[in-house]
Amino acid sequence: MTESAIAVAASESILERKEELARAVTDALYAEHPALLAQHGEAGRLKCQQDMRYNLEHLAPAVALEDPALFARYVQWLVRMLGARGVAGDDVRRSIETTERVLSARFPADQAAATRASLRAGAAAVADASAR
Amino acid sequence: MPAGTVRVNKPRVGNGLHACLRGFPAAVIEVATGGVVADSNGKLESLLGREIIGYPFAELLDVTSQAKWTRLLSRDPGSTESSLFECVVQRRGTLELRTFAAVWGNDSGEERLWLLEYSRDLRLEPLYEELGAANSELVQIQRELAKERSRLAQALGVQQSAVRLRDQVLAIVAHDLRGPLDRILASAALLREESLDSGSREKLLELIARTAAGMNVMVRDLVDAASIDAGRLAIDRREVEVPALVNATAEMFRLQAEAKGLALTCSTATTVSVLADQARVLQVMGNLLANAIRLTAGGGRITLAAEAAGDNVVFSVADTGPGIGADDIPHLFERFWQAQRRHRGGAGLGLAIAKGIVEAHGGRIWVESEVGSGSTFYFTVPVTPMATGG
Amino acid sequence: MSESWRAAYLAALRAGDRRGALAVVDAARADGLSLATLYLEVFQPSLREIGLLWQDNKISVAEEHLATAVTQIAMARLYDGFCGTAVPNGRTLLAACAATERHEVGLRMVCDLLELEGWDARYLGAAVPEDALVGMVLSRQPDAIALSASISPHLPQLRAMIRAVRAACGERAPFIIVGGRPFLEDEALAERVGADAMARDASEAARCLRERFA
């Protein structure tokens with residue numbers, strides 16, 4: 001398979017397995033930071049899962065089009081939007097890093113690799129957006 | 001102060017909310033500057049299952065929301081702008097998301113923060129998607145309806161003017177056919193006279209034949225116009241030599257032109273042939289030539305020409321007549337255009353038929369003219385495909 | 001001149017005042033503001049500001065939707081007024097949004113501006129299935145297709161739509177122009193989804209198509 005065919009396959013897998021992945025990322029986040037559950041409870045967890053779904057929907061096209069900047073611009077927008085609602089940029093970055101780990105564990109190596117550039121650009125964009 | 005309004009000195013706690021907010025279906029909370037709940041309409045109490053008046057509002061929130069709450073409280077109380085405060089409240093051991101509109105207000109000289117529960121349901125988002133899709137469909141329907149309405153209005157206008165035109169045409173046709181018919185009837189009546197000599201008889205028969213032939217042309221024009229209108233004008237294409245065609249037309253009209261003192265000349269600089277219905281092209285040139293002869297004063301000049309231009313032959317009929325006003329030129333080839341004018345010379349179908357025939361051949365027809373300097377009518381007919389190779 | 005109208009319109013939108021907003025539009029038109037100016041200097045910046053207000057948590061999603069809906073109503077009224085007034089120039093456009101877009105105001109503006117110039121613009125709206133779009137393209141043989149996507153998750157579908165059209169039409173595919181936020185900051189993206197051109201806003205789209213089909 002060519003690189004772009006792998007990228008398209010990765011993008012399609014992200015959308016097809018969106019529910020599973022969003023739950024996995026949320027579970028991983030809560031497992032890494034048990035304080036979250038104490039803070040936000042089940043409601044916070046559900047909301048987090050919804051946010052992860054949304055992140056994955058925006059990650060997919062960046063992967064398919066091999067355009068990490070596309071995801072980076074979304075993250076910048078997201079940080080400002082969530083910042084206005086009291087969510088820190090660090091939380092956003094952590095969720096993206098966790099997404100990278102989850103995809104590495106659950107996707108074939110070549111597909112996971114195809115998602116990496118976009119996820120890293122997204123994580124880096126948090127700093128840019130916070131600096132603004 | 002308006003009559004009936006009573007100033008009340010509000011006690012610190014428990015009585016501050018206006019009566020109408022008591023019945024409000026969602027939570028309304030009044031918070032004093034220190035962050036202590038001063039009053040509430042009771043809705044949040046029932047949700048949380050605890051007392052809140054007199055307690056710090058922060059006590060109801062989870063840790064992260066407490067940080068946001070502190071930021072909200074520290075904002076400039078003078079600001080009248082509202083903001084949305086989304087927070088997690090602790091409800092009987094579980095946590096729930098709630099959104100409030102937060103507004104600073106002045107209550108009898110004391111700054112207060114009012115919290116009005118804004119939206120209970122975060123599941124609204126999918127509904128908005130549905131709403132958006134429905135709206136998109138409505139927009140499309142509206143646009144199609146607007147287009148249809150404008151089309152109908154236009155069609156109605158066209159139909160109304162067509163009806164007006166038809167009425168005019170009927171009047172004209174009735175008049176134009178009535179004249180010759182009367183002459184034929186009168187001649188026929190005269191023929192009954194037994195005293196008539198054979199010379200006069202001959203003349204009357206000649207008159208009847210000529211008048212009937214004229215009527216025949218008018219009827220043919222009407223039929224042609226109807227055929228063109230219905231898009232079923234029969235064209236019988238054959239190879240036709242251009243010089244012969246032009247000369248034949250000129251010969252047909254030579255006597256008529258000379259009788260009026262007009263010089264009729266031909267100029268054909270091409271020997272190509274066209275693929276055309278000879279009788280129909282003759283009809284077009286004949287219509288143009290007859291108009292030129294009718295409208296050009298004695299001593300004038302009429303020139304019939306044809307020359308090759310690319311894949312077409314351009315035929316032209318030039319006269320030294322009165323010319324055509326710029327306002328009239330765009331309408332010249334419309335049916336019955338002439339019928340709408342006071343000074344007319346025929347039913348007004350000739351040029352419309354000429355246009356129909358030329359277009360049925362895949363050509364086009366136009367005129368160049370100015371008042372006072374004559375007119376030149378042009379039309380094109382495609383050359384025989386074989387000939388283009390040479 | 002348009003600045004005060006914009007302020008008035010935005011204020012009415014923020015207040016959720018539908019009648020007030022429509023009254024501003026009527027007054028602006030009576031004052032001689034052109035449709036293009038109204039679209040590009042009143043509606044578009046107002047909606048952009050509303051979007052930012054939502055992003056910054058100053059207004060709720062419901063308020064944002066209301067502002068969009070009010071603008072849609074204003075545009076519907078304007079459309080009814082000018083529809084069919086232009087002399088047809090024989091050009092045809094099909095316009096469609098990728099997926100279930102809510103942000104379709106820009107695309108309608110493109111249609112309206114071109115219709116004013118005599119184009120026959122058919123607005124297909126949101127959620128047009130690929131095969132339906134291809135069917136329309138084959139039967140109507142438009143000169144151009146305008147497609148929009150407001151968020152990047154809609155890009156794959158946009159690309160699929162373009163591919164389907166190109167596969168069905170081959171060499172004779174219409175000119176394809178795209179627009180929407182994902183394209184704004186990336187010149188190369190339009191080419192990557194298979195489009196012939198990209199426009200930053202409705203007037204740029206109209207200008208591009210006008211020049212292409214002059």
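Which backbone nitrogen lies 2.9 Å from a polar atom of the side chain of Asp143(C)? In this predicted model, the answer is the backbone nitrogen of Thr92(C). Asp143(C) sits in the loop that runs between helix H6 (130–140) and strand E3 (144–148) of chain C. Its side chain also makes a polar contact, at 3.2 Å, with the side chain of Arg91(C). Leaving aside residues up to four places away in sequence, Asp143(C) touches Gly90(C), Arg91(C) and Thr92(C), together with Trp119(C), Pro174(C), Phe175(C) and Phe213(C).

Chain C also meets chain B. Here 20 residues of chain B are in contact with 28 residues of chain C. The size of an interface is often given as the accessible area lost when the parts come together. Between chain B and chain C the buried area is about 2,100 Å², and carbon and sulfur atoms give 44% of that area.

The interface of chain B and chain C has 6 salt bridges across it. A salt bridge joins Arg143(B) to Glu115(C), where the closest N and O atoms are 3.8 Å apart. Polar contacts between chain B and chain C number 7 residue pairs, with both residues at pLDDT 80 or more. On the side of chain B that touches chain C, helix H4 (residues 124–191) of chain B provides the largest share, 16 residues. By residue type, that side of chain B divides into 5 nonpolar, 8 polar and 7 charged residues.

Over all chains, the whole structure holds 39 salt bridges. One of these pairs lies within chain A, where Arg101(A) forms a salt bridge with Glu32(A) and the closest N and O atoms are 3.1 Å apart. This pair links distant parts of the chain: Arg101(A) belongs to helix H5 and Glu32(A) to helix H2 (residues 18–32), and the two are 69 residues apart.

The structure has 2 cavities of 30 Å³ or more, and the largest cavity holds about 60 Å³ of space. The lining of this largest cavity consists of Val25(A), Met52(A), Asn55(A), Leu56(A), Leu59(A), Phe71(A), Ile96(A), Thr99(A) and Leu119(A). Helix H3 (35–64) and helix H5 (89–106) of chain A are the elements that give two or more residues to this lining. The largest share, 4 residues, comes from H3(A). What is the make-up of the lining of the largest cavity in nonpolar, polar and charged residues? It has 7 nonpolar and 2 polar residues, and no charged ones.

Terms used:
Residues are numbered from 1 along each chain as its sequence is written. Chains are lettered from A and ligands numbered from 1 in the order in which they are written. This is a predicted model: local features need pLDDT of at least 70, side-chain atom pairs count only at pLDDT 80 or more; totals for chains, interfaces and linings use all residues. Side-chain values use heavy atoms; hydrogens and water are left out. On a 1 Å grid over the protein atoms alone, a cavity is a set of points where a 1.4 Å probe fits but cannot get out, and a pocket is an open set with protein on both sides within 12 Å along at least five of seven lines; lining residues have an atom within 4 Å of a point. Grid points are joined across faces, edges and corners, and a volume is the space filled by probe spheres set on the points. Ala, Val, Leu, Ile, Met, Phe, Trp, Tyr, Cys and Pro count as nonpolar, Asp, Glu, Lys and Arg as charged, and the others, Gly among them, as polar. Contact means heavy atoms within 4.5 Å. Buried area is the accessible area (1.4 Å probe) that two parts lose on being put together, summed over both. A salt bridge is a side-chain nitrogen of Lys or Arg within 4 Å of a carboxyl oxygen of Asp or Glu. A polar contact is a pair of N or O atoms within 3.5 Å; within protein, one must be able to donate a hydrogen and the other to accept it, and residues adjacent in sequence count only if both atoms are side-chain atoms.
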